[in-house]
Every structure is written in C-alpha cells, then in structure tokens.
Amino acid sequence: MGKIVKDVLHAVGKIRGGVHVQHHKNTAECELVRVPSPQKVIIPMQMHIGAPCVPVVNVGDTVSVGQCIGDTTAFVSAPIHASISGTVTAIGNIKLANGNISSAVTIESDGEMRQFEGIEPPHIETKEDLIEAVHRSGLVGLGGAGFPTHVKLRFPDGKIDTLIVNAAECEPYITVDYRECIENSWDILSGIKILKEIFNIPNVVIAVEKNKPKAIEILSKIAAQEEHGKDEIKVMKLDAVYPQGAEKVMIYSATGRKVPPGKLPSDVGCVVMNVASVAFIARYIKTGKPLVSRSLTVDGSAVSEPANVRVPIGMNVGEVIDFCGGFKVPPYKIITGGPMMGLAVINTDIPVMKQNNAILAFSQKDGMKKETDCIACGRCAAACPLSLRPGVITTIAKTGDADRLKSVGADVCMECGSCAFSCPAGRPLVQNMRLAKTIIREAAKK
Ligand code: SF4
Ligand code: SF4
C-alpha cells in the first residue's frame, strides 16, 4: 500500500481478554443509500443518556425538517428535531426497544421535506461557541451509546492532549462507520481540524481495526495531506479483537493509559469520539442542519437484501426492513445495534432512534444458544477486558447483596458481551451484569 501506510502507528497497549468474533461485515462494500421519506415518523423524546426532552410543539402544528420539537433545560440531554416536514398528529407515550416508556411526537408527512427556515451555519469563534453549537445540533454519540456530545466536550482547558477518533467498529455485521471512512473521509478530517484547533489538542489518533485496510489507506492519505498537522494526526492500526472499540479499551490500546474505575477519559488526558460524530460536526458547522437522520446497517440471515441505509429518525423499523426487501425467512431474533451489545426486540413496530447503528434479523438456525448450568470453566473471566468475574457476579446478584456486588466491581461493567459470547453454557451474563448494576444503583438511592 505504499509509503503512506508505513506511517500508520501500531497500538501501544494490548487489550486484556476480549474475544475473536466472526466479523460478518457482509455490507462493507454497500454504499449508503438514502431511503425515501416515509409517510409518518414517531420521534421519541428520550434518545440519549440523561434527561428526556419535553415536546415543544402541539398537535396540529406544522413542522419542517430540522425544526426543534423537543428540548429541556437539563444539563445531560440533547434537543430533538423534526426529521420530515408535515403536521404533528399525536403526542403520547410509546414503549422503546429497551422497555422504557417515552413521550413521542408523531409527524404525518406532507411529502415535501421542507427545510426549517431558521437553519443557518453556527458562528464559531470560541470553545464555548462550539460546545453550544454541538448542543443545539442534537448530536449524541453515534457509536451506539447515545451520550450527549456537548457534555463530553466540556472538559477543563489544557486537560486533553489526545483526541482519539474511534473508527474501530468492532461489533460484527455493522459497517456504517466503515462507509463513513470510505465515503466521507474529508468530513472526518474537517471535523478533526475543528476540534483540534478550538480545543487546542496537540495529538489526534484515528483508531481503526486492521481488518479494514481500505479505510486505513484512505484516512492515512488525507491525514498525510494535511499541511500543518502532518505529524499530529495519525492513523493507528489496532488488533481486530472485540471489544476494541470500547472507550477504556481504546484509550489503553491507543496511548497505553488506563482509566481507573470511576474516572473519566479526560482524567488521563484523552477524549474519544466516534468517527461518524466527528464527520457530523464538520457538516453541521458548514450547514447548521441538525441531527435528523441516521445511517444503519440492515443485515442478518433473515433479511432479503442487506444494505447500508440513511433514514429519517423516527422511521418505523419494519418499514426500513421492507425497503431492504423484507424478511426472506421468519425472523427468530431481531436486534437493534450489534449482536454483542445491541438490544433484542420482540417486533419491528418501533422507531429508529439517534443512537441506533444497525438493525439485524436472524433466522432460527442463528438464534440463541440453549442455556445450561455453569460448569465453572472460567472462560467468562478470561474474556473480560476489565478482569471482572461474571460467573461469580451472577451468583452474588441472585442474593441482591449490593455491597458485595460493588466489592467485586460489578458497577464498572461496560456490558460489552465478551463474557456471554465465551460462555459454553449459553448463560445470559450481560443481563445478569445489568441486573447487578441495577441492584447497586437502587441501593445507592436508599
Ligand atoms: S463482565 Fe461486563 S465488561 Fe466484562 S466481559 Fe462481561 S459484559 Fe464485558
Ligand atoms: S463461562 Fe459460563 S460456564 Fe464458564 S464459568 Fe463463566 S458462566 Fe460458568
């Protein structure tokens, strides 16, 4: 691949545990296709970690694309915008994929996709201007976590020396970040330059798993062409081990620094941003158009025509699957997100949300393993990148003892799913870890 790729860095730290999953990147060469505007969207007011938004429109209002329809004064939150133009026909509660109930705004399309007149590029001179612009854009982490990006950017001056752009995309099947690297590499560079300059961050590492050579080559070329940041923006090739893209794992791989339990990446001088989020910031600064659509990989053995699609937020998941030819066999398991960290859903009558990056549907032959008794093999502990003992934590969770759960570190679990993937007994270890974390949280409230 020539000289450019010789400039690629190799990982500094080596991931502990982790698992070698089959990548199934079947859609890697599928260009992003824009799905035609649907007749109706249902936009939840809770599409991020933090406080839900409150609708700021009423039934009967006419709205246009990019108009704010939900907001709150709570600090950890992100405003929500109309993804199609039309009329608000309902405001009421819906059940989300995670089982939570959220208020939601229904918009019936007028077929025009009219842009909101108030949209204009934000004026950015200072760090505060950029943080406020990112807040108004409604951006949340597009890698799947949904943490409001403006909150992540509120680190103290001079605290960050390294921006890590996360392009690992280590979850099987999902290829939307890969497509972002291939199709929008200049937006990525432009977003990096904005963040680097405004926050005065000396080093940037674009971290990509080594099983994506085309992305590494393209990103290396654009980084090398950057006139003044030539030595400061580097592409790093990481081992293709799951969960390489997890924030703490990535920081260790890229810098060799360990984020202690209870601490933040900024405490070790790092900020990690998903590659699609960085590209979105560049486009937002150029256009002022907020987050109203989402790239999704639609794949799995039950899907007729796997694809990468760009869809309005709030579009019905079933309609997205129909656009991809529908199901070729009855789906046995449907997941929003990847097979390791995604959420299994019982039907497709749910809206696409900001933090979704995939819709996967599998036939029965690819369904879940049958659960049997623990054989105390220790594979779950060996696979855990955080050195937790999920089998032991499961046993303690059954007793409800929050203090003991905390003492064995259950609260730091990042729900990556490596333990469950390794378990020969098919035990639902991630659900058990979530239960353990809930027990600790509930005890803390008393
Ligand atoms: S215990 Fe948590 S962090 Fe460790 S492998 Fe399991 S899900 Fe991942
Ligand atoms: S991997 Fe499964 S069977 Fe083995 S110790 Fe852990 S929970 Fe038990």
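Student: In this predicted model, which residues of strand 18 point one way, which point the other way, and are they buried or exposed?
Tutor: Ala358, Leu360 and Phe362 point one way from strand 18, whereas Ile359 and Ala361 point the other way, and all are buried. In a regular strand the side chains alternate between the two faces of the sheet.

Student: Why is strand 18 called largely enclosed?
Tutor: Strand 18 covers residues 358-362, and five of the five are buried, so the strand is largely enclosed by the rest of the structure. To be called buried, a residue needs 20 or more other C-beta atoms within 10 Å of its own.

Student: How do you know that strand 14 and strand 16 pair with strand 18, and in which sense does each run?
Tutor: A pair requires at least two bridges. Strand 14 (residues 293-299) is joined to strand 18 by three bridges and runs parallel to it, while strand 16 (residues 333-336) is joined to strand 18 by four bridges and runs antiparallel.

Student: What makes glutamate 169 count as buried or exposed?
Tutor: The cut-off for buried is 20 or more C-beta neighbours within 10 Å, and glutamate 169 has 32 inside 10 Å, so this residue counts as buried. Glutamate 169 is found in the loop between strand 10 (162-166) and helix 4 (176-183). Leaving aside neighbours within four places in sequence, glutamate 169 is in contact with Ile174, Asp177, Tyr178 and Gly245. Glutamine 244 is 75 residues from glutamate 169 in sequence, yet the two are 8.2 Å apart in space, C-alpha to C-alpha.

Student: And is histidine 20 buried or exposed, by the count of its C-beta neighbours?
Tutor: A residue is exposed if 12 or fewer C-beta atoms lie within 10 Å of its own; histidine 20 has 10 such neighbours, and therefore counts as exposed. Histidine 20 lies in the loop between strand 1 (9-10) and strand 2 (32-34). With serine 422, histidine 20 forms a pair that is 402 residues apart in sequence and 9.6 Å apart in space, C-alpha to C-alpha.

Student: Why are strand 3 and strand 5 said to stand at the edges?
Tutor: The four strands of their open sheet follow the order 3-9-8-5, with antiparallel pairing. Strand 3 (40-44) and strand 5 (62-63) each have a single partner strand, so one side of each is left without a neighbour in the sheet.

Student: How do you know that strand 5 pairs with strand 8?
Tutor: Pairing requires at least two bridges, and two bridges join strand 5 to strand 8 (residues 86-95), which run antiparallel. Threonine 62 has threonine 87 in strand 8 as its bridge partner.

Student: How do you know that domain 1 and domain 2 touch?
Tutor: Contact requires C-beta atoms within 7 Å, and 11 residues of domain 1 are in contact with 12 residues of domain 2. On the side of domain 1 that touches domain 2, eight residues are nonpolar, two polar and one charged. The centres of the two domains, taken over C-alpha atoms, are separated by 29 Å.

Student: What makes up the shell around ligand 1?
Tutor: Ligand 1 is surrounded by 15 residues, the closest being Cys384, Cys413, Cys416, Ser418 and Cys419. By class, the shell holds 12 nonpolar residues, two polar and one charged. Helix 14 gives the most, with three residues.

Definitions and conventions. Residues are numbered from 1 along each chain as its sequence is written. Chains are lettered from A and ligands numbered from 1 in the order in which they are written. This is a predicted model: local features need pLDDT of at least 70, side-chain atom pairs count only at pLDDT 80 or more; totals for chains, interfaces and linings use all residues. A residue is near a molecule or strand if its C-beta atom, placed from the backbone, lies within 6 Å of it. Ala, Val, Leu, Ile, Met, Phe, Trp, Tyr, Cys and Pro count as nonpolar, Asp, Glu, Lys and Arg as charged, and the others, Gly among them, as polar. Two residues are in contact if their C-beta atoms, placed from the backbone, lie within 7 Å. Domain bounds come from an automatic or database domain assignment.
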